[in-house]
Amino acid sequence: MIAVTARLVVLVSGSGSNLQAIIDGCASGELDAEVVGVVSNRLDAYGLVRADGAGIPIEPITPLGGEERQTYDTRLATVVERFAPDWIVLAGWMRLLSMAFLERFPERVVNLHPALPGELPGTRAIERAWAEAEAGERTESGVMVHLVPDEGVDDGPVLGVATVPIDPHGTLDEFAAAVHRAEHQLLVETLAELCSEPRPESRSRP
Ligand code: GRF
């Protein structure tokens with residue numbers, strides 16, 4: 001069997017530190033993959049600057065005023081499809097994707113969530129975990145990488161998990177930094193494993 005470097009398209013909405021971890025993982029060889037495109041729903045996402053600086057094609061796709069979610073998702077899917085990705089990575093992508101997008105890429109959309117499976121779905125998971133710890137309701141949280149089969153929020157077959165302890169004598173900033181370090185590591189490790197496996201068959205090359 002001939003090994004083919006996996007093609008990744010990364011979707012970002014913000015800073016893109018997880019995108020940076022992927023770019024660095026590809027450069028170091030830890031990840032046998034290439035980021036072939038970075039797409040953002042926000043023009044001001046710093047992740048676009050990171051990608052551009054690394055010579056990766058960028059596609060800002062901002063929602064038009066009054067645009068239906070499904071119409072946007074169909075437009076988004078068409079742009080992503082042109083990159084012929086093996087895997088689509090939601091790395092700080094802060095927009096729910098409908099089936100209009102997901103059904104175009106079955107079993108190849110991967111999401112990163114800064115909490116353990118089944119916990120704290122949605123935004124501000126780190127802050128909510130911290131608040132629960134302060135209330136004496138938890139002593140740890142974590143991060144997970146999972147497949148996105150449908151419109152369930154931060155839910156789907158789990159590909160990788162790491163726990164992060166919460167130090168009751170620490171600060172929220174320290175805990176958030178620990179979660180982000182865990183995310184960067186888990187995302188690259190999990191993608192490395194995925195990219196070393198045979199890919200789903202339905203990918204089309206341009
Ligand atoms: C990460 O914590 C991710 O899990 C969450 O948003 C943050 C994005 O960070 N959904 P970055 O843009 O990768 O720096």
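Next I checked where Pro60 sits in the secondary structure. Pro60 belongs to strand E3, which covers residues 58-60. I then listed its contacts, leaving aside neighbours within four places in sequence: Ser40, Leu43 and Leu48.

I turned to the ligand. Which residues are around the ligand? I found Gly14, Ser15, Gly16, Ser17, Asn18, Gly92, Met94, Leu112, Pro114, His180 and Glu183.

For Asn18, a side-chain N or O atom is 2.7 Å from a ligand oxygen. For Gly16, the atom is a backbone N or O, at 2.8 Å from an oxygen of the ligand. For Ser15, a side-chain N or O atom is 3.2 Å from a ligand oxygen. I also looked up the cover on the ligand: taken alone it exposes 370 Å², and the protein buries 84% of that.

Last, I checked confidence. The average pLDDT of the chain is 95, and 95% of the residues score at least 70. Residues 202-206 have pLDDT below 50, and I noted 13 contacts of this stretch in the model beyond near neighbours in sequence. Where pLDDT is low, the predicted coordinates should not be read in detail.

Terms used:
Residues are numbered from 1 along each chain as its sequence is written. This is a predicted model: local features need pLDDT of at least 70, side-chain atom pairs count only at pLDDT 80 or more; totals for chains, interfaces and linings use all residues. Side-chain values use heavy atoms; hydrogens and water are left out. pLDDT is the predictor's confidence in each residue, from 0 to 100. Contact means heavy atoms within 4.5 Å. Helices (H or I, at least four residues) and strands (E, at least two) are DSSP runs, numbered from the N terminus. A residue is near a molecule or strand if one of its heavy atoms lies within 4 Å of it. A polar contact is a pair of N or O atoms within 3.5 Å; within protein, one must be able to donate a hydrogen and the other to accept it, and residues adjacent in sequence count only if both atoms are side-chain atoms. Accessible areas come from the Shrake-Rupley method with a 1.4 Å probe; for residues, only the protein chains shown count as cover.
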